[in-house]
Every structure is written in C-alpha cells, then in structure tokens.
Amino acid sequence: MKTPNFDSRMNQPELARIRAEIREFLANDPSIAKPRADSWSHFDAAFSGRLGRAGYIGMTWPKRYGGGERSSLERYVVIEELLAAGAPAAAHWIADRQTGPQLLRFGTEAQRQQVLPAIARGECFCSIGMSEPDSGSDLASVRTRATRTGDGWVINGRKIWTSYAHQSHYVLMLCRTSDNPAARQQGLSQILVPLDVAGLTIRPIINMAGAHDFNELLFEDVQVPADALLGSEGKGWDQVISELAFERSGPERFLSSFVLLEAFADLARQQPSAESATLIGSMISRLVPLRGMSMSIAARLGQGESPNFEAALVKEMGSLFEQDIGDRLLGEIVPAADPTSDDKFRRLLAEAVLHAPSFSIRGGTREILRGIIARDLGLR
Ligand SMILES: Cc1cc2nc3c(=O)[nH]c(=O)nc-3n(C[C@H](O)[C@H](O)[C@H](O)COP(=O)(O)OP(=O)(O)OC[C@H]3O[C@@H](n4cnc5c(N)ncnc54)[C@H](O)[C@@H]3O)c2cc1C
C-alpha cells in the first residue's frame with residue numbers, strides 16, 4: 001500500500017519519475033530492512049549520507065549551494081516516500097526542512113556557502129534551539145541572552161528538548177539580544193552556533209521510549225563571531241515564525257505512522273474482515289484531505305510565502321490523525337504491542353504508541369495551535 005496518487009497535481013510525469021527513482025533507491029538501501037514508525041525520529045548518519053549523495057537533500061536549493069533546483073512538489077514526493085518506507089531520516093531532517101531554508105532566506109552569502117553544500121551532501125546536521133526550561137509555548141519569553149562584544153557575541157543560558165544536538169553540527173538558536181518589556185517579540189535574534197564550541201555543555205534527556213533524542217544545552221560564556229548572526233538583529237521573532245511554517249505543514253505531520261497502517265493492511269489482506277476494511281477506509285478518508293492541504297502549503301512555501309495559519313491547521317489535524325491510528329489499532333483489533341517483538345506489526349505498533357504523545361507537543365502543542373487557528377478565524 002504505497003502512498004497512492006490521490007491528487008491530480010501528483011500526476012505530472014516528472015513526479016511519477018522521481019517517485020519511481022526514490023522507491024528504487026529505498027528498496028536497495030540496507031536501512032529499509034527494518035522500517036520504523038515515526039521514522040523521522042530515527043537518526044542514522046550513514047543513511048542520510050547515502051541520501052545526500054544521491055541528490056535527495058536540499059533538493060529545491062540552487063545548484064551553487066549543492067542543491068538540485070527541483071520543484072517543491074518533487075521534494076514533497078521524496079519526503080512522502082521516506083516516511084512511507086519508514087526510513088531513518090532524523091539526521092538530516094531539521095537541516096533539510098528548516099535550517100537550510102532559513103539560511104537561504106536570511107543568511108549571508110558566506111553562511112550559505114559554508115553550510116548549505118555540506119547539508120545537501122548529508123554530512124552536516126542541525127538542531128533547533130528554541131525551547132527553554134521556562135519557555136516552550138510562550139517562545140517570546142526566551143531568556144538565553146546573546147550579548148554583543150567588540151568582535152562577536154557571548155551567549156549565556158539554557159535550551160531544552162534540543163533534539164539530536166549530541167549528534168549534530170549546528171544549533172540555530174533563538175536568543176534575546178535586547179530588552180523591551182512592552183514588546184517582548186522585539187529584541188530576539190537567531191544565531192547559528194557550532195555544537196562543538198567551547199563553553200557549551202550538552203546533557204542527555206531520555207524520552208519515554210528509552211531513547212536519547214533530546215538534550216539540555218547549557219551555554220556558559222559561549223563566544224561566537226559577529227557573522228554567526230542569521231538575518232537581522234532584533235528580527236528573530238519574525239524569522240522564527242516563518243521557520244515554524246516549514247516545521248508544521250509537511251507530510252511528517254500525518255505520515256509518521258503510515259508504515260503501521262500499511263503493516264495493518266498487510267495483515268488485513270491475509271484475514272479480511274468488514275471491521276478492518278472500515279478502519280482502513282476511515283483512516284484513508286482522513287489522510288486524503290490532509291495531504292491535499294499539506295501539498296498546497298508546500299507550493300506556497302516554495303513561492304516564499306508564510307502560510308502560518310494553514311500550517312497550524314495541518315499540524316493539529318495531522319497529529320490527531322496519527323495518534324488515532326495507534327489508539328484504534330491498539331484498542332480495538334489487534335494483538336499486544338511489543339517493542340522487542342520480531343513480528344513487524346507488533347513492533348511498529350509499540351513504536352507508534354510510545355511516540356504518539358509527543359506528536360501533539362513537538363512543533364507546538366495542541367492548545368497553542370488551536371489558539372492560532374481560532375485567532376485567524378476571528379474567534380478570539
Ligand atoms: C519529540 C519532541 C521533540 C522536540 N524537539 C525540540 C527541539 O529540537 N528544539 C526545541 O527548541 N524544542 C523541541 N521540543 C520542545 C517543544 O517545542 C515544546 O515542548 C513545546 O513547544 C511545549 O513547550 P513546553 O514543553 O515548555 O510546555 P509548556 O509551554 O509549559 O506547556 C505545558 C502545557 O500548557 C499548555 N499551554 C501553554 N500555554 C498555553 C496557553 N497560552 N493556552 C492554553 N494552553 C497553554 C500547553 O499546551 C501544554 O499542554 C520538542 C518536543 C518534543 C515532544
């Protein structure tokens with residue numbers, strides 16, 4: 001049950017061609033022998049290297065930065081196929097999805113030259129440095145401070161939940177660079193910090209699935225040069241908001257558990273029943289409109305727009321959908337989930353269930369997204 005071409009936009013010949021190419025690449029890649037639910041939470045640097053060398057990272061970027069100058073829909077097809085195959089895509093995910101586009105949009109020529117080609121080769125990985133111990137949903141309250149010195153910045157503070165910082169090369173930080181209590185959004189800036197810089201301590205946080213994905217980052221007089229600033233000083237809030245549209249609208253917001261649905265369909269094929277057919281049908285009928293909305297946003301992002309309200313809608317509806325897949329399979333129909341099982345379905349179900357609570361927290365919580373949606377609808 002590979003992702004079917006529900007949408008007429010997907011019938012273009014170049015999209016069919018690239019879908020066939022990435023499927024062939026994945027079918028021959030050793031990492032696919034063990035597909036993963038929530039595959040973009042599984043870090044495999046070697047896989048990302050192979051993917052980058054094959055031209056599937058930074059696909060839409062200009063060739064002079066190592067990109068492929070492909071369309072946003074071609075990239076979309078590749079992302080769908082990575083998720084549908086359960087490929088371990090975490091290593092390059094953030095760099096490809098948001099750090100790279102932020103550099104393209106706001107970076108200097110030198111920053112782009114320095115970082116983008118290595119990202120596109122699948123050799124340079126990035127983390128998101130937004131959340132802090134007392135600042136998650138209320139991002140404008142970040143307290144990590146970057147102070148301007150004669151020849152650069154000195155950073156002090158703490159970040160938390162920083163996914164894969166222990167295995168990445170850069171963290172794109174949101175820092176306070178000046179104070180204006182009347183307008184907290186002003187005075188924030190984005191700074192690109194190498195993760196091996198002196199004065200930075202990275203401490204593991206183990207998640208409820210027993211894995212080390214998150215970290216706490218402690219900055220003690222960390223010094224970076226002046227040109228580590230991304231974009232304009234004091235404009236970090238606007239820049240971060242545009243980054244969140246990339247973060248919230250992609251197919252990873254509704255296809256993380258697709259591999260589980262596919263495994264269930266395989267089981268149902270062996271023992272067909274009206275109950276399993278109804279369940280699969282109800283899931284697919286929710287998937288189709290989500291995919292259409294997400295593709296429209298991808299096209300608008302590709303044109304330089306920031307459709308933040310629409311992205312919040314996709315993320316919230318997608319998280320509900322993904323959480324329901326695991327819940328319904330676990331609660332109603334199938335044998336027990338087991339993360340250590342040799343049985344593919346039971347293992348994937350356990351992975352999906354253990355990861356599902358995070359779907360409505362990462363990238364913005366359910367309540368925050370619903371608040372954004374309500375505001376845009378004029379309801380508050
Ligand atoms: C798997 C995963 C990966 C993550 N990776 C990263 C990462 O790489 N980098 C990074 O910076 N962050 C990361 N995060 C952090 C994530 O962005 C935050 O957890 C999230 O923004 C919520 O912030 P918080 O944990 O401080 O919760 P809080 O903001 O303290 O919220 C706690 C609860 O209160 C509710 N709440 C808060 N404010 C309001 C309000 N105004 N109205 C109604 N309800 C409200 C929230 O919805 C939530 O239920 C990750 C989180 C997860 C789960």
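Where is tyrosine 164 found? Select tyrosine 164 and see: the residue sits in the loop between S3 and S4. Keep in mind that this is a predicted model.

**Stop 1**

Is tyrosine 164 buried or exposed? Tyrosine 164 is buried, because 22 C-beta neighbours lie inside 10 Å and the cut-off for buried is 20 or more.

Now select alanine 165. This residue also has its place in the loop between strand S3 (152-160) and strand S4 (170-176). Alanine 165 counts as buried because it has 26 C-beta neighbours inside 10 Å. Which residues does alanine 165 touch? Leave out residues up to four places away in sequence, and select Ser127, Val171, Leu195, Ile202, Asn215 and Leu217. Next, draw a distance from the C-alpha of alanine 165 to the C-alpha of leucine 229. The two are 64 residues apart in sequence and 19 Å apart in space.

**Stop 2**

Move to aspartate 38. Look in the loop between helix H1 (13-27) and helix H2 (45-53). The phi of aspartate 38 is near 50°, a positive value in a residue other than glycine. Aspartate 38 is buried because 25 other C-beta atoms lie within 10 Å.

**Stop 3**

Select helix H4, residues 90-106. It has 17 residues. From first C-alpha to last, H4 reaches 24 Å, close to the 24 Å expected at 1.5 Å a residue. Where does H4 bend? Colour aspartate 96: H4 bends there by about 35°. Then show what surrounds the helix. H4 is largely enclosed by the rest of the structure, because 15 of its 17 residues are buried.

Go on to helix H6, residues 236-248. At 1.5 Å a residue, its 13 residues should span 18 Å. The end C-alpha atoms are 18 Å apart, so the two values agree. Which residues of H6 are buried? Pick out Gly236, Val240, Glu243, Leu244, Ala245, Phe246, Glu247 and Arg248.

**Stop 4: the domains**

Zoom out and give each domain a colour. The domain assignment gives domain 1 (8-124), domain 2 (127-236) and domain 3 (249-376). The C-alpha centres of domain 1 and domain 3 lie 21 Å apart. How many residues are in contact between these two domains? Here 18 residues of domain 1 are in contact with 18 residues of domain 3. Select helix H3, residues 72-85. H3 gives the most to the side of domain 1 that touches domain 3, with seven residues. Now colour that side by class. It has eight nonpolar, five polar and five charged residues.

**Stop 5: the ligand**

Finish at the ligand. Which residues are closest to the ligand? Select Gly136, Ser137, Arg362, Thr365 and Glu367, the closest of the 18 residues that surround it. Two elements give two or more residues to this shell: strand S1 (126-129) and helix H11 (366-376). Colour the shell by class, and you will find five nonpolar, eleven polar and two charged residues. The shell draws at least three residues from each of domain 2 (127-236) and domain 3 (249-376).

Technical notes
Residues are numbered from 1 along each chain as its sequence is written. This is a predicted model: local features need pLDDT of at least 70, side-chain atom pairs count only at pLDDT 80 or more; totals for chains, interfaces and linings use all residues. A residue is near a molecule or strand if its C-beta atom, placed from the backbone, lies within 6 Å of it. Helices (H or I, at least four residues) and strands (E, at least two) are DSSP runs, numbered from the N terminus. Ala, Val, Leu, Ile, Met, Phe, Trp, Tyr, Cys and Pro count as nonpolar, Asp, Glu, Lys and Arg as charged, and the others, Gly among them, as polar. Domain bounds come from an automatic or database domain assignment. A residue is buried if 20 or more other C-beta atoms lie within 10 Å of its own, exposed if 12 or fewer, and partly exposed in between; C-beta atoms are placed from the backbone. Two residues are in contact if their C-beta atoms, placed from the backbone, lie within 7 Å. The expected span of a helix is 1.5 Å times one less than its number of residues. The bend at a residue is the angle between axes fitted to the seven residues ending there and the seven starting there.
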